Amino acid sequence: MAESTTDQRLVKGARSRASIARHAADVASVEGLTGVTIGRLAADLGISKSGIATLFGSKESLQLAATQAAREVFVAQVIEPALGVPQGVPRLRALVDHWFAHVTEPVFPGGCFRTATLVEFDSRPGPVHDAVAADHEDWLAFLAKEIRKAQAQGELVDRDADALAFELNALVSAVSTARQLGDETRVHTARRIVDRLLS
């Protein structure tokens with residue numbers, strides 16, 4: 001009986017932690033990771049500060065959890081749906097389409113979490129910077145790997161895979177920024193450029 005009670009508490013704690021981290025990612029998309037504080041989340045969620053502190057320990061741990069939560073959302077929305085598409089240019093196009101949707105129909109209230117936090121933490125050393133940077137590098141490496149798979153099939157053979165991954169990332173990041181500024185026309189411009197890059 002005691003073991004079952006302990007298991008239930010662990011499950012409940014994991015669910016609470018995931019829910020709080022997801023809300024922290026929402027807050028960070030609008031106010032930046034520096035806006036993620038134990039006090040702010042306690043007020044938003046109606047939870048005691050001590051309850052959140054028990055689950056996370058520190059503001060930095062909370063920021064790291066928000067970064068991980070946002071990464072999981074990105075993987076679920078952008079990467080996983082595209083993996084069912086055949087390798088090569090079709091999969092690359094699927095990745096970019098889902099990526100555009102992630103930016104133009106954002107699940108986070110402040111738009112693309114990745115774009116916002118990269119700018120915020122690009123010059124701030126520490127564990128949060130390292131986590132944000134590592135997530136960004138993982139994404140670029142994944143894109144480049146998919147481009148190389150296309151090249152192995154005889155597609156995009158005249159392109160440098162790493163440079164193309166960088167260009168695609170820069171385009172969609174620019175769209176995210178433009179959209180936050182209310183400029184929807186850049187979405188169409190970026191799509192035309194992507195079509196040219198992947199043709």
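**Figure 1. L156, a buried loop residue.** L156 is buried, with a relative accessible area of 8%. In this predicted model, L156 sits in the loop that joins α7 to α8 (161-180). Its backbone has a positive phi of about 55°, although L156 is not a glycine. The burial call follows from the cut-off, because buried means under 20% relative accessible area, and the value for L156 is 8%.

**Figure 2. Helix α7 and the residue that follows.** Helix α7 covers residues 127-152, a run of 26 residues. From its first C-alpha to its last, α7 reaches 37 Å, close to the 38 Å expected at 1.5 Å a residue. Just after α7, G154 takes a positive phi of about 90°. L156, in the loop between α7 and α8, also has a positive phi, of about 55°.

Figure 3. Helix α4 runs over residues 59-82 and has 24 residues. At 1.5 Å a residue these should span 34 Å, and the end C-alpha atoms are 34 Å apart, so expectation and model agree.

**Figure 4. Buried residues of helix α4.** Among the buried residues of α4 are the alanines A65, A66, A69, A70 and A82. The buried set also includes L62, V73, F74, V78 and I79. Q63 and T67 are buried as well.

Figure 5. T104 belongs to helix α5, which covers residues 89-104. With a relative accessible area of 16%, T104 is buried. The cut-off explains the label, because buried means under 20% relative accessible area. Leaving aside neighbours within four places in sequence, T104 is in contact with R179 and V187.

**Figure 6. The whole chain, as context for the close-ups.** The chain has nine helices and zero strands. Its C-alpha atoms fill a box of roughly 60 × 40 × 30 Å, taken along the principal axes. Of the 199 residues, 41% are buried. Among contacts between residues at least 6 apart in sequence, 67% join residues at least 24 apart. The accessible surface comes to about 10200 Å², and carbon and sulfur atoms account for 55% of this area. There are 22 positive and 25 negative side chains, and the centres of the two sets lie 3 Å apart.

Notes. Residues are numbered from 1 along each chain as its sequence is written. This is a predicted model: local features need pLDDT of at least 70, side-chain atom pairs count only at pLDDT 80 or more; totals for chains, interfaces and linings use all residues. Side-chain values use heavy atoms; hydrogens and water are left out. Helices (H or I, at least four residues) and strands (E, at least two) are DSSP runs, numbered from the N terminus. Buried means under 20% relative accessible area, exposed over 50%, partly exposed in between (1.4 Å probe, protein chains only). Contact means heavy atoms within 4.5 Å. Accessible areas come from the Shrake-Rupley method with a 1.4 Å probe; for residues, only the protein chains shown count as cover. Lys and Arg count as positive and Asp and Glu as negative; His and the chain ends are not counted. The place of a charge is taken as NZ of Lys, CZ of Arg, CG of Asp or CD of Glu. The expected span of a helix is 1.5 Å times one less than its number of residues.
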